[in-house]
Amino acid sequence: MANGGPVEHGYPHLRTVRESVTALYRRLSYDTVRTFSASVAPADVAFADVDDLHLGAQRVAREMVAHYRLPDARLIVGFREMTHAANVELTAGPEYFVELNDRFRDHRRDIGAALAHEVAHVYLHRLGLSFPSTRENEILTDTVATYLGAGWLLLDAFREDGASSQKLGYLTPEEFGYVLAKRALLFGEDPSVWFTSPQAYTAYREGLALARRDAEQPPLRAAGWTGRRRYARDRRHAEGHAQGHAEAPEAGRETVYRFSADGHGPLRVSFPCPTCHQRIRVPVAGRVRARCGLCRSVLECDT
């Protein structure tokens, strides 16, 4: 939790964010991801200053438990002085103890954001989905919370002006915006209408621009003229070398496509699915239609 201090911006965790989306699809399946088409509604986690602190926190916790489809989980919410925004004790359940920073006693509208992250921890714990390091796990948790419809609250908790700042979660505001945009493009929703923070809206628009560029990289047919020209050059180079060629990464992005040849077989190109980021491999044969086996996206390609 950044409270008055500097807020990191940009996309320093983009690789792990994309790996998190892929891992989520692999663990849940396309059909299960589609069941999360409805985001947490603002009214369901609204918290007025006149509401009882503990009863209100328990009510919001129940809403989060219901959103993540954890009907047998019970959260017991308390408050104490601490460095981080919140903490959850991951046990076998069904009861889970969540501690929120005392700061939320006076900033109650952000309790939903803190619980969105902590209940996502419980959800991933139940799934058995984790990454090797603590930091990667926190990025995974933020990504899953956002992709499954609760993390827009974390982005909306971001506020920054000349005198103060606040940000919850481990992703940067732009990374939250990126994941939220990936979800919005998948389900056709506009989460920006829920924002109360102008800074959250700006970060979402920036993330949306990057998410759209994912679907405009060669060999996808939506690629722009510059990308198609560069791809054609690299394809000619790969056709002349037995070992193929790997495209150099662009600024702020991972390597987009790679060529390879299997013995005396046809040249193939692999590239990340713009929806789930699993790599797809197709023959270099002009216009082809590829279907991602993980998220079922149908992609029009010009290889």
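Good morning. Please keep in mind throughout that the model is predicted. I shall begin with the whole chain. Its secondary structure comes to nine helices and eleven strands. Along the principal axes, the C-alpha trace spans about 70 × 45 × 30 Å. A compact globule of 303 residues would have a radius of gyration near 19 Å, and this chain has 21 Å, which agrees. Of the 303 residues, 51% are buried. As for contacts with a separation of 6 or more, 59% of them are between residues 24 or more positions apart.

Let us turn to a sheet. Three strands form an open sheet in the order S2-S4-S3, with mixed pairing. The edge strands are S2 and S3, the latter covering residues 86-88, and each of them pairs on one side only. From one strand to the next, the twist averages 20°. Helix H4, residues 111-127, packs on this sheet and touches S2, S3 and S4. The direction of H4 makes about 145° with that of S4.

How do S2 and S4 run relative to each other, parallel or antiparallel? They run parallel, and seven bridges join S2 to S4, which covers residues 95-101. Arg74 has Glu95 in S4 as its bridge partner, and Val77 stands opposite Val98 in S4.

Strand S2, residues 74-80, also has two faces. In a regular strand the side chains alternate between the two faces of the sheet. Which residues of S2 lie on the covered face? They are Leu75, Val77 and Phe79, whereas Arg74, Ile76, Gly78 and Arg80 form the uncovered face.

Beyond its neighbours within four places in sequence, Leu115 is in contact with Ala57, Val60, Ala61, Met64, Val77, Val98 and Leu100.

Helix H7 runs over residues 173-187 and reaches 21 Å from its first C-alpha to its last, close to the 21 Å expected at 1.5 Å a residue. Is H7 mostly covered or uncovered? It is mostly covered, with 13 of its 15 residues buried. Just after H7, Gly188 takes a positive phi of about 70°.

Finally, we reach the hairpin formed by S10 and S11, which has six residues between its strands. In the turn, Arg296 has a positive phi of about 70°. Five bridges join S10, residues 287-291, to S11, residues 298-302, and these two strands run antiparallel. The bridge partner of Val288 in S11 is Cys301. The covered face of S10 holds Val288 and Ala290, while the uncovered face holds Arg287, Arg289 and Arg291.

Thank you for your attention.

Conventions
Residues are numbered from 1 along each chain as its sequence is written. This is a predicted model: local features need pLDDT of at least 70, side-chain atom pairs count only at pLDDT 80 or more; totals for chains, interfaces and linings use all residues. Side-chain values use heavy atoms; hydrogens and water are left out. Buried means under 20% relative accessible area, exposed over 50%, partly exposed in between (1.4 Å probe, protein chains only). Helices (H or I, at least four residues) and strands (E, at least two) are DSSP runs, numbered from the N terminus. Two strands pair if DSSP finds at least two bridges between them. Axes are lines fitted to C-alpha atoms, for helices over the stretch in contact, and angles run from 0 to 180 degrees between N-to-C directions. Contact means heavy atoms within 4.5 Å. The expected span of a helix is 1.5 Å times one less than its number of residues. The radius of gyration is taken over C-alpha atoms; the globule rule is 2.2 Å times the number of residues to the power 0.38.
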